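Trainee: Could you walk me through this one? I'd like to see how each answer is reached.

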Amino acid sequence: MSFFLETLITGLFAGLMYALVAIGFVLIYKASGVFNFAQGAMVFLAALAFVTLVEHGFPFWIAFLATAALMVVVAILVEALVLRPLRNRDSLTLFMATLGLSFVIDGTAQFFLGTDVHMLDLGIDDIAEDYAGILISHFDIVASLIVVTLVAVLAIVFSKTRMGVSLRAVADDTLAAQSIGIRLPVIWRIVWSVAGLVALVAGLLWGARQGVQFSLSLITLKALPVLIIGGFSSIPGAIAGGLIVGASEALADIYLGPLVNGSVSTWFAYILAVAFLLIRPAGLFGDRDIERV
Amino acid sequence: MSDLLQLRDVSLSFKGVKAVNALSFSVATGEICALIGPNGAGKSSLLNVINGVYRADTGDIVFNGARFGAIHPQKAALLGIGRTFQHNALFHRLTVRENVLAGLSRRGTATFLENIFRFGRDGAERRRFIDRADEIIAFLHLDRHAETVVSKLSYGMQKRVDLARALAAAPKLLLLDEPMAGMNQEEKQEMSRVIAEVNRSFGTTIVLIEHDVGIVLNLASHVVVLDYGRKVADGTPDEVRNNPDVIAAYLGTVH
C-alpha cells in the first residue's frame, strides 16, 4: 500500500511540474486564442540564458532578473514582429507562426549560447526523505511550493487588479474588448511576458532535474496531453490535467509496464488524451465552443 | 447645430456584393439618429464601418472634425466612439461591475506595474473608476445586479449592461446596434426611455439601429432609411413617415 501511495505521490509531484509548463500555454491561449508552440522553446531559452549567466559568475538573483528582462524583451519582439502583422488572421495561421517562432528561438539561443548540456544547481537537494513511511524528494516539495505560489500570484493579478479585468475581458471577447478601447498590443505584450516568466520558472525547475539542454524545448509535446485533458483555456484545468497525467503515468509505469515489457510513461499520457478527445473534447475545464449559426 | 459625424460617399462590398453603396449623411451633435431599413439593407455594416470593425472600400468619415478613411476599433474608442452589439458581445464570465470597469480601462493612466503592485496612481484611479462604474450602473437601474456574472442575467438585462459598458467611458458618439432586439413591447418602451435619458442627461449623440418603426419614430429626431445599401430617405420622423419611397421600400402601407 505504501508503495502504491509513494508512486502516486511521486506522480502527482511530477504532474505539478507538467502543470507548470501547461500554465504558460493557457495564458497565451486565453489572450490570443492560439496554441503557442514556441512555449517549450521559451522554457529552453530561459533556462539556457540563466545557466549561462550563473556559469559566468553572476549571483542567482542577478541572473534571474536579467533572464526575466530577456523574456520581456522576447514578448515585445513577438508582439511587434509576429502578432501585429498577423492580426485578425485565423488561429491556424498564428499556430504555424508560433511553430516557426519555436525554431527561431531554439536556433538563436543555441547560436549565441552554445549547444552544450549544462548542469543547473539551484541549491535544492534532490534526495528522498522519509515522511511517515513514504519517501518524498525534498526537491519535489520545494518545486510544488513554487508552483503553488506562482499560481496564487497569477490568480491575484487576474482577479484583483484592474489590469486583470482587461486581461479577462480580452480573453472573453477580443473584438468587444477592442471596441471599448482596450489596447490589445499592450495586453499581448503583458500576457507573453507573463508566459515568459512562467517559462523561466519552468525552465529552472526542469533544468535542475534534467540538465539544461535542447530536449527542454520538447516539453511542448509533454504539455499537449495535459492541455487536452484539462482544457486549453483554464489554469485550474492545467493543474488538474497535470496531476492526472503525472499520477496515471507513474502508476501505469509500475502496474502496466511489466505486462507489456517496457516503459509505459512515454506514451501513456497520449492514449489518455485521445480517450479524453473522444469523450470530452473541450477538456475537464475548457470552454465548449458554441458556434452561432 | 454642427455635425459630429459625417459620412461621405462611403461604399463597402463583400465579395462583389455592395453592402453600402455611395452613402452620405450627417449626424448633428446631440441628436438621436435612427438607421432603419429591411434586413440586409446595410445598417450593421455601416455601424461597423464607423467604428472600424470593417474598412470602407471608398469614401471618408469625418468625426468631430477629424477625417479618416479607415480606423481601427480601438482608435475609434479612444476618439470617443462607443458602441453596443447586435448579439451581446459582453464579457460573459465577468460581473456587471467588471464589465463596466473594462469599459473604463482606456481612461486609465496608471501603468501595468502600478496596477499589479497597487502603488502610485493605482489607488486613486481604482476608487474613481469604481465610483464612476457604480454611477452608470445606478443610472441604468442595474444596482441589484452589480455583482452578478453577466451570463446569469436575462437577455434584456444583458442589453442594458452592454449599454452601461459603452457609456462608462463617456463617449461623444454612441452606436447602438439593435438595442431592443428580442424584447417585448414593455421592455422596448423601457429601453427607449433609458436611451432618451442617456441622450438628455449626458448629451451623448446616438446613432441606433432598430426595426420597430413605431418606437423609432417616437425616439429619434433624425431618421435615415436604407435599402440595399442605398439611402432612400433622410429627415425628421415626420418627413420620413410621409416619404412615398420609404412607404414603397419599407413601410409597405401607410399606417
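Trainee: What distance should helix H10 of chain A span, and what do the end C-alpha atoms give?

Mentor: H10(A) covers residues 235-255, which is 21 residues at 1.5 Å a residue. The expected span is 1.5 Å times one less than the number of residues, with helices (H or I, at least four residues) and strands (E, at least two) taken as DSSP runs numbered from the N terminus. The helix should therefore span 30 Å, and its end C-alpha atoms agree at 30 Å.

Trainee: Fine. Before we go on, what are the ground rules?

Mentor: It's a predicted model, so local features need pLDDT of at least 70 and side-chain atom pairs count only at pLDDT 80 or more, while totals for chains, interfaces and linings use all residues. Residues are numbered from 1 along each chain as its sequence is written, with chains lettered from A and ligands numbered from 1 in the order in which they are written.

Trainee: How many residues of H10(A) are buried?

Mentor: Buried means 20 or more other C-beta atoms within 10 Å of a residue's own, exposed 12 or fewer, and partly exposed in between, with C-beta atoms placed from the backbone. By that count H10(A) is mostly covered. The number buried is 15 of its 21 residues.

Trainee: Over to chain B. Which strands are at the edges of the six-stranded sheet?

Mentor: The sheet is open, with mixed pairing and the order S6-S7-S8-S3-S9-S10. Two strands pair if DSSP finds at least two bridges between them. Pairing on one side only marks the edges: strand S6 (81-83) and strand S10 (230-235) of chain B.

Trainee: Which residue of S8(B) is the bridge partner of B:Leu35?

Mentor: S8(B) runs parallel to strand S3 (residues 32-36) of chain B, joined by four bridges. With strand S7 (residues 173-177) of chain B, S8(B) (residues 205-209) also pairs in the parallel sense, over five bridges. There, B:Asp177 has B:Ile209 as its partner. For B:Leu35, too, the partner is B:Ile209.

Trainee: How many residues of S8(B) are buried?

Mentor: One side has B:Thr205, B:Val207 and B:Ile209, the other B:Ile206 and B:Leu208, all buried. S8(B) is thus largely enclosed by the rest of the structure, because the buried count is five of the five.

Trainee: Which helix gives the most to the side of chain A that touches chain B?

Mentor: Contact means C-beta atoms, placed from the backbone, within 7 Å. The contact takes 21 residues from chain A and 29 residues from chain B. Helices H6 (162-172), H7 (174-179) and H8 (184-210) of chain A each supply at least two residues of that side of chain A. With seven residues, the one giving the most is H6(A).

How values were computed: Contact = placed C-beta atoms within 7 Å.
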